Structures are given as structure tokens and as C-alpha cells.
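Student: I'm new to this structure and would like to go through it step by step. Please start wherever you like.

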Amino acid sequence: MPLRDYQLACIEQARAAVRALRAAGRPQRVCVVMPTGAGKTRTMAEVARSAVSRGGAVLWLAHRAELVDQAVGALKAEGLAVGAISASASSAPQPYAPVQVATVQTLIARGVRPRATLIIPDEAHHYVAKTFGALVNDYPDAAVLGPPATPERGDGKGLGGMFEEIVVGARVK
């Protein structure tokens, strides 16, 4: 199914933000806000497909094992070769696949850092800045596109420590 106009516009805005951050010598970390039902997973899967088509490698982060399996399914539906790095996910590891779906906890516990030019922390509002920061600091040249429904954590704190810019891809209206 083709992307909607607002999803395509969101991708272009996110790419422009990454380019501007790169040009300014700042970390390429962009919060891409889209409300529930706006197609965050489909939009980010297209970004991942595009990155892989240009020779990039994608690290898709999920905060729970069942979300690893869902992301693997969505990314495979885009025709991507995908591996899973999670202690309890049912999806198979594919260490040489250009897209890896993992939990932050598993990556940190195992000391594993798969190659990544793009990191997508799905449901980015679930990540504690310190834990997330410890991981993404190991990828200083990677772009980070975090798609939360709302740009604040459950404890009411914002995501400003995790991202440099914000792009609003869609609004509930």
C-alpha cells in the first residue's frame, strides 16, 4: 500500500532535519512525532527500506520482545532481510541482514553493536535517556529517527535529552 501524503512529507522533513544537523556538526537525532494510527511503523519501515537500498544498515529498537517480532514482520513485509537480537523474541537471528531489530537491554547485556547507519527506536518515549544514550553514543555517525506518539515519557519528562530536533509528521486533527 502506498504511503499517504503526510507520511511522505514526514519522511522528507525528517531527512531535511538530519541533513541540517549533519551540516551543523550536531548529533543526527530527530524525534518524529506521529499520533497513534498515523502509520509510524509503515513510515519508518519505508525509511529503513530506503536506507538499505542506499547501502545502509538499520538498527530498529523495540522495548519488548513481542514488539521485536512485530517489527520483524512489518520490515519483512517491505521486502527487507531482517534479523532479531532479543533474548525472548521468536524471530530468528540473521547476523548479516542489513536490518537488525533488537531490544536495548539485550544489546547492552551482550555487548553487541551491529553495524548501523540509521537507528530507529520504535516508541521512543519508552526509552530512559541514560540507557538509550549509552547505546547511541556507540554510533556517533548514525542518524537516529525516534517515532513516538507523544514526545514525553510516562513520568512526564520530555525527550529533549535524547533528540536534537523534532518533526511533527501528523496531528490528530
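**Strands, cores and cysteines**

Student: How many bridges join strand E2 to strand E5 (residues 118-121)?
Tutor: Strands here are DSSP runs of type E with at least two residues, helices are runs of type H or I with at least four, and both are numbered from the N terminus. Two strands pair if DSSP finds at least two bridges between them. E2 and E5 run parallel, and the number of bridges joining them is four.

Student: What kind of model is this?
Tutor: Residues are numbered from 1 along each chain as its sequence is written, and side-chain values use heavy atoms, with hydrogens and water left out. Local features need pLDDT of at least 70, side-chain atom pairs count only at pLDDT 80 or more, totals for chains, interfaces and linings use all residues, and the model itself is predicted.

Student: Back to E2, then. Which residue in E5 is the bridge partner of Leu61?
Tutor: E2 also pairs with strand E4 (residues 99-102), in the parallel sense and over four bridges. On that side, Leu59 stands opposite Gln100. Over in E5, the partner of Leu61 is Pro121.

Student: Which residues of E2 (residues 58-61) lie on each face, and are they buried or exposed?
Tutor: As a general point, side chains in a regular strand alternate between the two faces of the sheet. In E2, Val58 and Trp60 sit on one side, with Leu59 and Leu61 on the other. Take buried to be under 20% relative accessible area, exposed over 50% and partly exposed in between, with a 1.4 Å probe and protein chains only. By that rule these four residues are all buried.

Student: How many of the five residues of strand E1 (residues 29-33) are buried?
Tutor: Arg29, Cys31 and Val33 cover one face, while Val30 and Val32 cover the other. E1 is largely enclosed by the rest of the structure, because the number of its residues that are buried is five of the five.

Student: Which residue in strand E7 (residues 165-168) is the bridge partner of Val33?
Tutor: E1 runs parallel to E6, joined by three bridges, and there Cys31 is partnered with Gly146. E1 is also parallel to E7, with four bridges between them. In E7, Val33 is partnered with Val168.

Student: How many residues does the largest nonpolar core have?
Tutor: A nonpolar core is a set of buried Ala, Val, Leu, Ile, Met, Phe, Trp, Tyr and Cys residues joined through side-chain atoms within 4.5 Å. The residues with the most contacts inside the largest one include Val30, Val58 and Leu145. A second, separate core has 19 residues, Cys31 and Leu59 among them. The count for the largest core is 38.

Student: What is the relative accessibility of Leu145?
Tutor: Leu145 is part of strand E6 (residues 143-146). Leaving out residues up to four places away in sequence, the contacts of Leu145 (heavy atoms within 4.5 Å) include Val30, Val32, Leu118 and Pro121. Leu145 counts as buried because its relative accessibility is 5%.

Student: Which residue's backbone oxygen does the side chain of Thr43 reach?
Tutor: Thr43 belongs to helix H2 (residues 40-53) and is buried, at a relative accessible area of 0%. Beyond its neighbours within four places in sequence, Thr43 touches Leu3, Gln7, Ile11 and Met34. The backbone oxygen that its side chain reaches, at 2.8 Å, belongs to Gly39.

Student: What is the radius of gyration of the protein?
Tutor: The protein has five helices and seven strands. The radius is taken over C-alpha atoms, and the globule rule is 2.2 Å times the number of residues to the power 0.38. For 173 residues that rule gives 16 Å, so the protein is as compact as a globular protein of that length, with a radius of gyration of 15 Å.

Note on methods:
Polar contact = N/O pair within 3.5 Å; in protein donor to acceptor, adjacent residues only side chain to side chain.
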